[in-house]
Structure formats: C-alpha cells, structure tokens
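Notebook, one sitting with one model. I list what I looked up, in the order I looked.

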Amino acid sequence: MTHPLLDLAPLTAARFAAIERRVAALLDTGQDVVIMQGEALLPLEGCIRGGARRGSTALNVVTGPYGQTFGNWLRACGARVVDLEVPFHSAVTAGAVAEALAAAPEIDFVSLVHAEAATGNTNPVAEIGEAVRAHGALFMLDAVASVGAEPLLPDAWGVDLCVIGAQKAMGGPAGVSAVSVSARAWERMAANPDAPRGSYLSLLDWKERWIDSGRKALLHAPAQLEMLALEACLERIESEGPAAVMARHASAAAATRAGAVALGGGLSPYVHEARDAAPVATTLRAPEGVDARDLVAAALAADPALPLIAGGGALAKEMIRVNHYGVDATRGAVQSSLAALGGALAAQGREVDLEGALRAAGDAW
Ligand SMILES: *Cc1c(COP(=O)(O)O)cnc(C)c1O
C-alpha cells in the first residue's frame, strides 16, 4: 500500500526550478533566488559567512534576538561589528542607520531584521535601504517574519540578500527557506576567500553548480516533502492573492492591539507606537505583578489551540506573544485570544472589559 508522505516520485530539477520562480514572483525580484534545504537560519548564516569577510566592518542592527545572533556570526567571521541596538519596544529609524554609517565609513555590510516575531516590531526597510545604498554597503535582510504579512520588495529597496522562510505568515513548512541574491552580492562572495564552498552553508555552490549550469541538475537529493509543502503554500497564497493575505495580517495586528487596549486589566501593547508594530504578530506587556507565562498557561488551558506564547529568554516574564500569522490571521483567532486572556485576567481578580475588547477588535479589523 502506498503512503502519501513516503512513496513519492522523485522531485525533478524542473519542478524545483519552477518553485524557485514562484518564490521570485512572490518577492517581485529579478535577482537569483536560491532555495535552501533547511530552516531559515541556514541561509542567514550562509549570507553572513559568504558576504562578510575577515577585515569587514559590519553594521548590525539589533531590534530583537535574531539581530544578536547575526552579530555573533559576524564576529566569528572576523568582521568588526558595530551593533546599533534599539529598545525592543520600538523600531530603528533610517536616520539612526544613516548616522551610524556616516560615523564609520569603512562599513561594508549591513544586517537588519525586517519584522521580529519575537518582539513584535517592524523596521522601515525602504528608507533604510536608501541610506545603505547611498553608503554602498552590502545589505542583508531577514524577512522571515515579514514575508506574506507586509510588503517586501528587495529589488526596489536595494536589498542584496533577502532571506525568507515559509513558516510564519506564509503558513508553510519550516524546513525549507530561500534567499534572493543580487549581482553585487554574488561578486562579493566570489571575491571572499573565506566564503563557504563545498559546504551546506554555501550559496556559491548553488550559483556555480545549479544556476550557472542552467538549473539542470540538483546538488543533492532535494528535501522532497518540504519542497512539495512549499509549492502548496505558494499555490495557496497565489489563489488567495498576496494582497489579501497581507491585509488579513494587518487587520489581525490592528484588531489585537485595539482589543488589548480596550480589554484593560493592566495589559498593554509591548511595542509603543502602532506604526512600529509588526503585522505578523502582536506582543503585549503583562500587567505589573503578573508573570506572562502564568497568564498564557491559564489562557491555553481554556483553549490549547490558541496562537499564544510567552516571550522567549529574558522576555518570558513580561511578554505575551499573539502569533496571529498564517492560518491564525483570522478574526476568530484574534477574538478567541482576547477572550482567553481576558478570562485569565478576570480569574486573577483583575477588572476587564471583554465586550469592549471584542467591539474594539471588530472595529479595528
Ligand atoms: C521566526 C524567525 C526566524 C526563524 O527562526 P525560528 O527560530 O526557526 O522560528 C528568523 N528570523 C526572524 C526574524 C523570525 O521571526
């Protein structure tokens, strides 16, 4: 008896290339798209190890935990790192980036996270891209949490390395990812003696053995299930329409934010300004004296399917994340999340206005 997940025909090079073209269309990019057979940290590390060389000076914008990871990789590559740290409850401005670049003309690499699901903020990449282009540095963007949730235009914004994963707003698999690579970025990597080659981290291997030879033969057996899931996820986005998918995420974020404010009980948006809040996920600050982990546990006890989680690491005590992305970017998921958080707060004796919260969420949607 054949098994739907196991007894699959081999995934052909042509089909693999077709999936790449669909990713390129989603990003509206004419750059080469390389699909990487692993979770998005694989291309992120590959971009840094290929693009930042020994003796490079890198500007690393830190608006959340992923920026911290990039700084560590950059230092491991032998780059000098200028960390531009921004409080996690806000976004970086293009002005701050331009100032940091002006203060260190030798900066030749900039890493930035577009939206951070872990902190709930989003950065103005179009304006930042202008500053980076004027300076001439190579520009790497982690767009894992923004793709599908908000506009993402690597070519128009001057992004040289744009990394995406399907597991957030795209509602797809986590085990496969992609990066668009500009001609400039290929040149930089080719000229970097330390760029990974003959390695799972190597983007250049894909350039030389896949792209330059006409996408005829794959480097190794493709991660077939993940590729089929990525194809299905792209199909689903295309049939709903990317604009509609993004609108759902924007509405979910606006509704969650407005609902949490109206709910009261001491809950408040973690990201201070609405314009800095990411459409992919909304972070909330737990009331004074309440541990976010307890609140989330109580809310999930009422409904384990809700997209609620406490913040990671040092943020665990104070932050509640409402991960209203992918299939959870719906009115229902937002309303149920607000209701469960309201119930958990009420059980602690806090005064909440659940009706008002649901009304505010409905109006904001
Ligand atoms: C989710 C996410 C990733 C992927 O990391 P996971 O730990 O696999 O979830 C990378 N970058 C950003 C900004 C993300 O939000």
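I searched the whole structure for salt bridges and found 18, taking a salt bridge as a side-chain nitrogen of Lys or Arg within 4 Å of a carboxyl oxygen of Asp or Glu. I noted the one between arginine 197 and glutamate 208, where the closest N and O atoms are 3.1 Å apart. Arginine 197 sits in the loop between helix H7 (183-190) and helix H8 (204-211) and glutamate 208 in helix H8, so the pair ties together parts that are 11 residues apart in sequence. Helices here are DSSP runs of H or I with at least four residues, numbered from the N terminus.

For the record, this is a predicted model: local features need pLDDT of at least 70, side-chain atom pairs count only at pLDDT 80 or more, and totals for chains, interfaces and linings use all residues. Residues are numbered from 1 along each chain as its sequence is written, and side-chain values use heavy atoms, with hydrogens and water left out.

Next, the ligand. I listed the residues near it (a heavy atom within 4 Å): Glu39, Tyr66, Val113, Ala115, Ala117, Asp142, Val144, Ala145, Gln167 and Lys168. This shell divides into six nonpolar, one polar and three charged residues; Ala, Val, Leu, Ile, Met, Phe, Trp, Tyr, Cys and Pro count as nonpolar, Asp, Glu, Lys and Arg as charged, and the others, Gly among them, as polar.

I then looked up distances from side-chain N or O atoms to ligand oxygen atoms. For lysine 168 the distance is 2.7 Å, and for tyrosine 66 it is 3.0 Å. A polar side-chain atom of glutamate 39 lies 2.4 Å from a ligand oxygen. The protein covers 81% of the 370 Å² of accessible area that the ligand has on its own (Shrake-Rupley method, 1.4 Å probe; for residues, only the protein chains shown count as cover).

Last, aromatic pairs: I found four, with ring centres of Phe, Tyr and Trp (its six-membered ring) within 6.5 Å, and planes under 30 degrees apart counted as stacked, over 60 as edge-to-face and the rest as tilted. Phenylalanine 70 and tryptophan 73 have ring centres 6.0 Å apart and planes at 20°, so I logged the pair as stacked. Both are in helix H3 (residues 65-76), three residues apart, and are separated by about one helical turn.

Methods: Polar contact = N/O pair within 3.5 Å; in protein donor to acceptor, adjacent residues only side chain to side chain. Helix = DSSP H or I, 4+ residues; strand = E, 2+ residues; numbered from the N terminus.
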